[in-house]
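Here is a friendly walk through one protein chain, from its overall build down to single side chains. Take a look at the sequence and the 3D view before reading on.

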Amino acid sequence: MRIVFAGTPDFAVPSLRAAAKRNEVVAVYTQPDRRAGRGRGLAPSPVKRVAQELGIPVYQPENFRSAAARDELAALEPDLLVVVAYGLILPQSVLDIPVEGCWNVHASLLPRWRGAAPIQRAIQAADTRTGVCLMRMEKGLDTGPVLLSQAIDIRADETGGQLHDRLAELGAQVLADGLGLLRGGLRPQAQPQPESGVTYAHKLDKAEAKLDWNRPAIELANKVRAFNPWPMAEAVIGGERLRLHAAVAVPREQHAEPGTVLAAGRDGIDVACGEGSLRVRVLQRDGGKAITAADYLNGRRDLVIGG
């Protein structure tokens with residue numbers, strides 16, 4: 001087969017390696033280099049770096065609105081276009097180019113969590129199960145029929161970063177299974193998505209990271225997990241703005257004003273919420289590194305309990 005692969009972030013890297021195992025990937029499409037780091041220099045995407053390591057030609061169009069960009073893809077004569085977190089919406093004129101169509105690796109059990117941030121939204125919503133779907137792409141947002149899927153349990157203490165890494169590897173496995181079937185002439189059976197149960201995983205916004213102590217503790221604990229490592233939940237505790245790396249909900253009955261520090265010790269800092277309290281276990285001060293609550297308390301002798 002002649003496979004063209006389109007992807008950009010770390011999540012897509014295992015799938016690229018899986019697709020390239022038989023030297024069938026003739027080109028990689030990824031987003032243009034972006035400015036990053038303190039020096040604000042142009043940095044290649046993770047997918048571009050791996051494609052160069054594998055010796056695969058890289059294309060980086062801003063979009064596919066121009067006929068020239070579409071003609072460039074068509075000239076590669078792809079049998080299949082594999083898309084994994086590419087970051088660009090592909091028009092129908094692009095989806096029609098590959099002989100076998102376009103496949104997408106998506107990190108949820110569709111139709112739940114269509115959209116940009118399915119991993120984090122699943123944790124935030126307290127889902128206990130998620131997975132990966134290999135989907136045949138169509139014009140709608142993650143609306144295409146599902147070819148293959150694999151489900152996994154979400155661990156009780158799992159962060160967005162940890163689940164991201166597990167699903168990235170699972171996505172590569174599902175893609176490899178699909179490619180194996182296609183090579184053998186056994187096209188995966190496309191199953192239309194159910195019309196019920198559709199949810200949308202809206203793109204993460206840094207403004208969402210600020211915790212509202214009026215909300216239930218379990219909701220805040222889920223947000224802390226979901227937003228680690230980005231954008232990282234943040235809150236004011238004892239008058240200081242902190243980034244929260246790890247926290248758990250404590251189902252206790254309390255009548256203190258939300259945001260009040262109820263207790264502080266080796267196990268963490270308990271803060272009153274609208275329901276229950278949040279026990280902060282790992283946190284980060286401005287300009288510092290992540291530390292345990294116990295280490296933080298060594299430098300916060302002024303922290304007032306009950307105030």
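This is a predicted model: local features need pLDDT of at least 70, side-chain atom pairs count only at pLDDT 80 or more; totals for chains, interfaces and linings use all residues.

## The big picture

The chain's secondary structure comes to 8 helices and 17 strands. Both are DSSP runs numbered from the N terminus, with helices (H or I) needing at least four residues and strands (E) at least two.

Residues are numbered from 1 along each chain as its sequence is written, and side-chain values use heavy atoms, with hydrogens and water left out.

How many of the chain's residues count as buried? Of the 307 residues, 48% do. Here buried means under 20% relative accessible area, exposed means over 50%, and partly exposed is in between (1.4 Å probe, protein chains only). The chain exposes about 15,100 Å², and carbon and sulfur atoms supply 49% of that. These areas come from the Shrake-Rupley method with a 1.4 Å probe, and for residues only the protein chains shown count as cover.

Contacts (heavy atoms within 4.5 Å) tell their own story. Among those in the chain with a separation of 6 or more, 62% are between residues 24 or more positions apart.

## A look at helix H2

Helix H2 covers residues 46-54, and its buried residues are Pro46, Val47, Lys48, Val50 and Ala51. What do the buried residues of H2 pack against? Their partners are strand E1 (3-7), H1, E2 and strand E5 (58-59). Just after H2 comes glycine 55, with a positive phi of about 75 degrees.

## Salt bridges

There are 16 salt bridges in the structure, each one a side-chain nitrogen of Lys or Arg within 4 Å of a carboxyl oxygen of Asp or Glu. One of them joins the side chains of arginine 183 and glutamate 24, at 2.9 Å from N to O. Arginine 183 sits in helix H6 (residues 160-183) and glutamate 24 in the loop between helix H1 (13-19) and strand E2 (25-29), so this pair ties together parts 159 residues apart in sequence. Arginine 183 is partly exposed, at 28% relative accessible area, whereas glutamate 24 is buried at 9%.

Another salt bridge brings together aspartate 153 and arginine 129, at 2.5 Å from N to O. Aspartate 153 belongs to strand E10 (residues 146-153) and arginine 129 to strand E9 (residues 129-136), so to speak distant parts of the chain, 24 residues apart. Both ends are partly exposed: aspartate 153 has a relative accessible area of 48%, and arginine 129 has 44%. Then there's aspartate 270 with arginine 279, whose closest N and O atoms are 2.8 Å apart. Aspartate 270 is buried at 3%, while arginine 279 is partly exposed at 22%. Glu240, Arg285, Arg300 and Asp302 are linked in a salt-bridge network.

## Cysteines

How many disulfides are there? The count is 0, taking a disulfide as a pair of cysteine sulfur atoms within 2.5 Å. For cysteine 133, the closest cysteine sulfur is in cysteine 102, 17 Å away and too far for a bond. Cysteine 133 is buried, at 2% relative accessibility. Cysteine 273 is buried too, with a relative accessible area of 2%.
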